[in-house]
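Thanks for coming, everyone. Have the sequence and the model open while I talk.

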2 protein chains.
Amino acid sequence: MHDAPYYRLQSRFAEIGRLDEIRGILDWDQATQMPRGGSVARGEQLKTLAQMRHRLLSEPAVGDWLDEATELALEPWRLANVRAMRHMYLHAATVPSALIGALTYSASLTEHTWREAREENDFALVAPALGELLALVREEAAHKAEALGVTPYEALMDRYDPGRGWPEIERLFGQLSPKLSLMVERACEGAAVPPPLPCPVEVQRGICEAVLQALGFDWEHGRLDESAHPFTGGVPDDVRITTRYAEEDLLPALFATIHEAGHAQYERGLPETWRGQPVGQAPGLTMHESQSLGFEMQIARSPAFSGFLARLIAERLGHPTETVRSVLARRLAHVQRTLIRVEADELTYPLHILLRTELERALVSGDLEVADLPEAWRDASARHVGIAPENDRSGCLQDIHWYSGDFGYFPTYALGAMVAAQLVAAARAALPNLDRSLAQGDWSDYLAWCRAHVHALGSRYSADELVSQATGRPLGVESYLAHLEARYLARSAG
Amino acid sequence: MHDAPYYRLQSRFAEIGRLDEIRGILDWDQATQMPRGGSVARGEQLKTLAQMRHRLLSEPAVGDWLDEATELALEPWRLANVRAMRHMYLHAATVPSALIGALTYSASLTEHTWREAREENDFALVAPALGELLALVREEAAHKAEALGVTPYEALMDRYDPGRGWPEIERLFGQLSPKLSLMVERACEGAAVPPPLPCPVEVQRGICEAVLQALGFDWEHGRLDESAHPFTGGVPDDVRITTRYAEEDLLPALFATIHEAGHAQYERGLPETWRGQPVGQAPGLTMHESQSLGFEMQIARSPAFSGFLARLIAERLGHPTETVRSVLARRLAHVQRTLIRVEADELTYPLHILLRTELERALVSGDLEVADLPEAWRDASARHVGIAPENDRSGCLQDIHWYSGDFGYFPTYALGAMVAAQLVAAARAALPNLDRSLAQGDWSDYLAWCRAHVHALGSRYSADELVSQATGRPLGVESYLAHLEARYLARSAG
């Protein structure tokens, strides 16, 4: 058959896709259900799965089929599938097996040591392990850079955000940084810390479920559970989100649920006809984060929907609506320079990303060595965030990413926020009655827009192509800055 | 290396073992957690896993290594491992792939149709599908019989109970049948149906957890959940049991939990040094059932432990202990001829197995055809159980086994009960203070005995060898009949 190489690839990647789905269920189980004593056996199961996946993916025949398939006159979606396959293949096959083994082992050891180092606030404890891991990551980056024809840092980023080049990030972050600094300066003026919203866990669970209902969450194909760190797992037809409840305050659990629901709806809305194929998946983490942040930051915190939220919370807690509305408005508008990324508000959050992007690029290039990281962090934190940590636990020890070998991941958080703002601006232009629906707790119009312009397209187009097609222009900082200005500096907007 | 073929096998079967563990977790998830809409994707995941397992297991090289390894001067446990590997290999590799595919498809279709036929009480609905499935099963049996050098029915049984021959079953069942009939006749005389023990679900859950504690269940390495049909899943280091609660009566959920705990403790006690290898697993379903029935029927219903149970239940329900003790004693001693196997009491239960064994043997040999099954069932039920069903839903449509392609499975239930009785008699002889401990809710002596004589030996010995070594004589019906006599006919024993 003329198209045989393509169909060989399609059947091979269907198998790989199923293994990835299985890993998704096992990871979810590990975080939500598994008794502690199961961890060693689970580690072995995941290792076997990873080895099988690597064997299926990096076999030389796959490379040959890819070369042959590229020459075929395939339909556009099949060509996009081949492109997505090649992306997976390159990231698996261009790194020698021995190096992959060394990376896996070193990352696992470093992550383990990092937990202790963070607990003890003792960077020296993990520095040697991180140094060895970084040396391996630099080797990995060199291999991938050669195969992809890009710089080592771009080669690492490519795994999380296929095709993203450094010049684009440099331009976007360069435009963002000075304006953001000024906005933060203005927004922080004399803001008092607003109070928490205590709420029994059972009531929180009920509120989260009611909100998921409003967001169109499909309980026939999904679950909500609890885990130490909220995440979205499972597979598109069985998508599982988690949150974490704390009695002292409702809002962290509520907005984590909404954030994960954004990821979940993306997975759920991926094109059914391409299930299990690379083209049927999201084109990287920037697009994925644009959906979760679109849900959490853009839509859920909009004055229209937060009015609905205030009524719902007030009813469930038996408080006067006006009291809840006022607390919620103050909480959602509050801006403060803080040290911990995951606790940062929407406006200061990207500053944490600018800091990390600068440092990880220097670590990968060799301009910065591990021994100098704590000092470099304090310096960069003062420049970007405007305050510097007094200890490493609130500094370079706070995030897991580098210690588990993930370099080049951080930019996707800020890029995702930019994409979210630009997409939502386009959705608002196309849906003039959106705020009226949101005020009634009805997300169906917004969800339908996301389905049509993002979810249902899978990886048929790259992230940048998706954004251009959905919004009529390439990704820029304008919508994002306009959104932040309206949300945090035009106080009357709520 | 001289022993190379053996080590190649060991590493290959370690991989297969991990795939089986993963399937164990996915099956558990499907029965307890998965939203309904996830079933199609889950089916595909399980299919991929099964294909990979089959590829790894039935590769011709595995057959060569097995032949070479058999010639090596290996340690006894390694020889036992090779024997257990060969068992797995033969059952995978002697059946042509096309036939395996046809069997899987036909079994899935027949099982699906069976659910409807049972619901509608309409055997004709599923008869054509069952006929096709049976034809395929006969083919499968012929292939395996040739490879194993046994009869077709023995070849099917061998999958569930390795090495068990028909002459042994014929002898044991032949000795059992007439004596059992007489005992049932005597025990059923004028027995009034005792009342249920209603109990709120939350209290039932608490009682089940407390009883699991008494049974030495290890919560660091296990869970208790709910599912439509109780089962034991997961893996030895993460063993997961389920039960099913109904407010109207505590006892079904309680004894299902104890039954599954017997399976769970077997898995948990399998030899750690052989984890993931075939020799590290139980030598078949008869031995497995001996542990669950040993827990449920022999120990938990003993007068000593049921006294403890009565106190625990009375305390949790706030009832007088004597009331609960009396209800429990009457419930546990009640014998009645009924139509549904899974609801039968201990004494009449084996009659249901005699009936099924006779019929499935005739179905496999061709002496009985599907069209004649309902009539043959009514006839055999009258002869074995002493009553005949008026409809097929309470007759040949009640059990899933044949409709999912499982022929040769039923005997293990009755054999397991015999093994349980013989093992517990030996344990009692070795542990003169057992009843004193059980009366205090302390199972540790009994569990230690099971660990030493059964669990920790994995498949180092065959089921029959295990029984002979643990009890000093080959498997017979004497202990079983003595137990039934004491439990159901010497009424004063409780």
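What joins strand 2 of chain B to strand 3 of chain B? A hairpin does, through two residues. Strands here are DSSP runs of E, at least two residues long, and helices are runs of H or I, at least four residues long, all numbered from the N terminus.

Some ground rules. This is a predicted model, where local features need pLDDT of at least 70, side-chain atom pairs count only at pLDDT 80 or more, and totals for chains, interfaces and linings use all residues. Residues are numbered from 1 along each chain as its sequence is written, while chains are lettered from A and ligands numbered from 1 in the order in which they are written.

Strand 2 and strand 3 of chain B run antiparallel, joined by four bridges. Two strands count as paired if DSSP finds at least two bridges between them. One facing pair is B:Thr232 and B:Ile241, the latter in strand 3 of chain B.

Angles run from 0 to 180 degrees between N-to-C directions, and axes are lines fitted to C-alpha atoms, for helices over the stretch in contact.

In what order do the three strands of chain B sit? The order is 1-3-2, in an open sheet with mixed pairing. Strand 1 (222-226) and strand 2 (232-235) of chain B stand at the edges with a single partner strand each, so one side of each has no neighbour in the sheet. Neighbouring strands are turned by 20 degrees against each other on average, direction ignored.

Helix 10 of chain B, residues 251-269, lies across strand 1, strand 2 and strand 3 of chain B. It runs at about 165 degrees to strand 3 of chain B.

Look at the faces of strand 2 of chain B. B:Thr232 and B:Gly234 point one way, B:Gly233 and B:Val235 the other, and all are buried. Buried means 20 or more other C-beta atoms within 10 Å of the residue's own; exposed means 12 or fewer; partly exposed is in between, with C-beta atoms placed from the backbone.

Over to chain A. Strand 2 of chain A, residues 232-235, has both faces covered. Strand 2 and strand 3 of chain A pair in the antiparallel sense over four bridges. A:Gly233 stands opposite A:Arg240.

Next, the domains. Chain A is divided into domain 1 (4-160) and domain 2 (162-494); the bounds come from an automatic or database domain assignment. Their C-alpha centres lie 25 Å apart. In the contact, 46 residues of domain 1 meet 44 residues of domain 2. Contact means that the C-beta atoms of two residues, placed from the backbone, lie within 7 Å. Helix 1 of chain A gives the most to the domain 1 side, with 12 residues. That side divides into 27 nonpolar, 10 polar and nine charged residues. Nonpolar covers Ala, Val, Leu, Ile, Met, Phe, Trp, Tyr, Cys and Pro; charged covers Asp, Glu, Lys and Arg; the others, Gly among them, are polar.

How many residues does each chain give to the contact between chain A and chain B? Chain A gives 28 residues and chain B gives 28 residues. The largest share of the chain A side, eight residues, comes from helix 1 of chain A. The chain A side divides into 12 nonpolar, six polar and 10 charged residues.

Zoom in on the two copies of helix 1. Their axes come within 11 Å and cross at roughly 70 degrees. The two helices are therefore roughly perpendicular to each other. The cut-offs are under 35 degrees for roughly parallel, over 145 for roughly antiparallel, 65 to 115 for roughly perpendicular, and oblique for the rest. A:Ile22, A:Ile25, A:Leu26 and A:Asp29 meet B:Ile22, B:Ile25, B:Leu26 and B:Asp29.

One last stop: B:Ala456, in the loop between helix 18 and helix 19 of chain B. B:Ala456 is partly exposed, with 15 other C-beta atoms within 10 Å.
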